[in-house]
Amino acid sequence: REIFRREVEESELLSGLGSTDLAAGLFFSILDPGDEIIITNPCYLNYTRQIEIIGRLGVNIKRWQTIKNGKFIPDLDELQSLITDKTKLILLVTPGNPDGQVFDERVLDGVVDIASEKGILVAIDVAYRAFHYEDGVPSYLSRPRRENEVWIVTLSKELRVPGWRMGYLVADPSLLRVIETIQQAMTLCPAHPQQLAFVRMLSKDGVIEELQDFLLKKTPKKYQKVASLVCDELSKTPYIQYLRPSGGFYVFFDIRGIMASSKKFVSQLLDEWQVALAPGIDFGMEGWVRLSFAPVVEDQKLLKEGMERIRRFILSKT
Ligand SMILES: Cc1ncc(COP(=O)(O)O)c(C=O)c1O
């Protein structure tokens, strides 16, 4: 409310043991075997796994291809064609993991309009909401929640505390009561010491101004700079095509000019040059790999060293 300027009622909020816990509660509460869920392709890999486990492979996952010919082109007509009377949920992540792409207002609102007409929920994971580079934070982060929206929020990334396990949902109060019941059965509650630490932090004088500066100015500026550096380095690397990110801390690139298997690419790169990337196949896109620059944001020398090793690896394979 204070930082992203969204009006939220207390009854629309539920905190959890990281957003992973809450997303599981959401899937448990609305999905039955035979139901369908639409995720983007590529999509954050943990969601596919969660849905498969929770639906015991009985939930049909449909993929809305948002990257076509190396560009981010989320087409609403294509989304519409995937919807059936079994569709329960459409899940978006913006800025995206693994691709750093941002849904603009028109498309995101278009998705919510389409879903709302058919009584479908839209879950929007904004784990990287403090990492929007160029045009500032999209207006959908500050407008009131629409009826069929579930916002999935984590403090892991924006406060750099992934191990503290703290996240929350903004959703319809009656849906939250169901998720809360499931959450109580599965994990009982978020850990108490972390909650106390957050309360203490948020009670400090001047903390809101400090967080506004950190989340809305310093973080995007710093990450945009490093993302540009990575893209400059990738531009000098032959045989690959990268997708320029608009947010987050990942760069997704096409390695099909070098080899077809993303798993083979990342395991050889790790074995031979000690650089770790994530295989695109885990996110639904074979032939691509994800680079996370988060671990080297503070160390540009190490970043350049890593990029140089990737280049030398590629040259050794072509
Ligand atoms: C898109 C996205 N959502 C959620 C998470 C995990 O959030 P949490 O630490 O709150 O469980 C991640 C972690 O990588 C992520 O990339």
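Tyr128 counts as buried because its relative accessibility is 3%; buried denotes under 20% relative accessible area, exposed over 50% and partly exposed in between, with a 1.4 Å probe and protein chains only. The model is predicted, so local features require pLDDT of at least 70 and side-chain atom pairs pLDDT 80 or more, whereas totals for chains, interfaces and linings use all residues. Residues are numbered from 1 along each chain as its sequence is written, and side-chain values use heavy atoms, with hydrogens and water left out.

**Aromatic pairs**

A search of the whole structure finds 16 aromatic pairs. Rings of Phe, Tyr and Trp (its six-membered ring) pair if their centres lie within 6.5 Å; planes under 30 degrees apart are stacked, over 60 edge-to-face and the rest tilted. Two of the pairs involve Tyr128.

| Pair | Centre distance | Angle between planes | Class |
|---|---|---|---|
| Tyr128 and Phe131 | 6.2 Å | 65° | edge-to-face |
| Tyr128 and Tyr250 | 5.6 Å | 80° | edge-to-face |

Tyr128 is located in the loop between β7 (121-125) and β8 (149-154), and Tyr250 in strand β11 (residues 250-254), so their pair ties together parts 122 residues apart in sequence. Strands (E, at least two residues) and helices (H or I, at least four) are DSSP runs, numbered from the N terminus. Tyr250 is likewise buried, at a relative accessible area of 5%, and Phe131 is buried as well. A cluster linked by ring pairs comprises Tyr128, Phe131, Tyr223, Phe249, Tyr250 and Phe293.

Another ring, that of Trp151, has the charged end of Arg6 over it, 4.3 Å from the ring centre. The criterion is NZ of Lys or CZ of Arg within 6 Å of the ring centre and within 35 degrees of the ring normal.

**Surroundings of the ligand**

There are 13 residues around the ligand, of which Thr20, Asp125, Thr154, Ser156 and Lys157 come nearest; a residue is near if one of its heavy atoms lies within 4 Å. By class, this shell has four nonpolar, six polar and three charged residues. Here Ala, Val, Leu, Ile, Met, Phe, Trp, Tyr, Cys and Pro count as nonpolar, Asp, Glu, Lys and Arg as charged, and the others, Gly among them, as polar. Helix α1 (residues 18-30) provides the largest share of the shell, three residues.

A polar side-chain atom of Thr20 lies 2.4 Å from an oxygen atom of the ligand. For Ser156, the corresponding distance to a ligand oxygen atom is 2.6 Å. Taken alone, the ligand exposes 400 Å², and the protein buries 91% of that, with areas from the Shrake-Rupley method and a 1.4 Å probe.

Note on methods:
Polar contact = N/O pair within 3.5 Å; in protein donor to acceptor, adjacent residues only side chain to side chain.
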